[in-house]
Amino acid sequence: MAGVELVKVAKRYGKQTVLHPLDLTIPDGSFTVLVGPSGCGKSTLLRLLAGLESASGGSILMNQKQINDLDPADRDIAMVFQSYALYPHLTVAENLAFHMQVKKVDKTTQKSKITQIATMLGIDKLLSRYPRALSGGQRQRVAMGRAMVRNPQVFLFDEPLSNLDAQLRMELRAEIKSLHQRFKATMIYVTHDQVEAMTLADQIVVMRDGVIVQQGSPLTIYDQPRNTFVARFIGSPPMNLLEGTIQLRQSEPGVQCGELWIPLPPHWHEAARLQADKPVIAGLRPQDIVIAPQGTSAQVNIMEVTGESTLLHLDWQGFAVHVQVTGRPATGPGQTLALVAKSDRLHLFDKASGERLVQGE
């Protein structure tokens, strides 16, 4: 396996900069997910690693050796595409064997490896079929198998599950995670789906407009988003963001958001007293606003009942908020509820920059 490092890597097409110079370290054996909205540069970054695009600047290192000038075939990297990229005129077995045939691997080894990988992926009964006779999930398994038979140092996945239905996505997501745990291979995975990012990654890299906004473990990014963009992008449903100011009420600090008053937890008190009247954005996850008898009234607009939980879309004193509760509350559109924010789970961001505020700022 191999560690990968990008040093000041950039990509430009004429005058348009797609990737601004960025640094990124991907540890050996890690599962790193590049996540961000469409057009943020994550797939371009993956193609630079694969050698399908050339960098406009910077160095790409694998095991501390620069690979910028190596052809894709010489990088010992395997890539799984969103579109499967199977040879339509070859059977499943022939697709799996193609790379080994090019490398002139002996027939016995080819057959053994095909059988091993096909059994592992549950496609051993499909070896004589052509891609046109396979479902989307079966084709993606073949594409994964074709990468696995190469035994590469690094696996690249470019939104491999985006063409599949929800149930199949969940199944294949679990398979990919299981493969990583089994082989301990270095995997780099591109997606715009933050649920995939949270469930698969050891390290998440959040991108926007060709730059890395934040990177870290999934729970670190979820619990401590660097700015309002990350706060809204990571988490489903997204974080509620309410504009307000830090105020003192009977010497106790809190955030005044219109008619709403959200008290600050004790560890914020000293810093908040020094920042009275500071414009901020208060962030609350949908799970951190609860229904309570002594709360502030909110009107229900829409209910989404999923079975074990319910997502409420409400007007809370002029703010459109999402609240996620367990079970099925006895309410409905047009009715009124009382809500309370869990102040110990409050996130604060600077209103002007959108950057996270930490205690003492």
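This note goes through the charged and aromatic side-chain contacts of a predicted model.

1. Basis. The model is predicted, so local features need pLDDT of at least 70 and side-chain atom pairs count only at pLDDT 80 or more, while totals for chains, interfaces and linings use all residues. Residues are numbered from 1 along each chain as its sequence is written, and side-chain values use heavy atoms, with hydrogens and water left out.

2. Salt bridges. The count comes to 10 salt bridges (a side-chain nitrogen of Lys or Arg within 4 Å of a carboxyl oxygen of Asp or Glu). Side chains of opposite charge can pair when their charged atoms come close.

3. Lys 8 and Asp 23. These side chains form a salt bridge with an N to O distance of 3.2 Å. Lys 8 is in strand 1 (residues 4-13) and Asp 23 in strand 2 (residues 16-26), 15 residues apart. Strands (E, at least two residues) and helices (H or I, at least four) are DSSP runs, numbered from the N terminus. Asp 23 is partly exposed, at 38% relative accessibility; buried means under 20% relative accessible area, exposed over 50%, and partly exposed in between (1.4 Å probe, protein chains only).

4. Asp 350 and Lys 278. The closest N and O atoms of this salt bridge are 3.2 Å apart. Asp 350 lies in strand 19 (residues 347-350) and Lys 278 in the loop between helix 9 (269-273) and strand 14 (279-284), so the bridge ties together parts 72 residues apart in sequence. Asp 350 is buried at 15%, whereas Lys 278 is partly exposed at 23%.

5. Asp 288 and Arg 345. Their salt bridge has an N to O distance of 3.9 Å. Asp 288 is in the loop between strand 14 and strand 15 (289-305) and Arg 345 in the loop between strand 18 (336-341) and strand 19, so parts 57 residues apart in sequence are tied together. Asp 288 is buried, at 5% relative accessibility.

6. Aromatic pairs. The structure holds five aromatic pairs (ring centres of Phe, Tyr or Trp, the last by its six-membered ring, within 6.5 Å; planes under 30 degrees apart are stacked, over 60 edge-to-face, the rest tilted). Phe 155 and Phe 157 are stacked, with 6.3 Å between centres and 20° between planes. Phe 157 and Tyr 189 are tilted, at 5.7 Å and 35°. Phe 157 is buried at 3% and Tyr 189 at 0%. Ring pairs link Phe 31, Phe 155, Phe 157 and Tyr 189 into a cluster.
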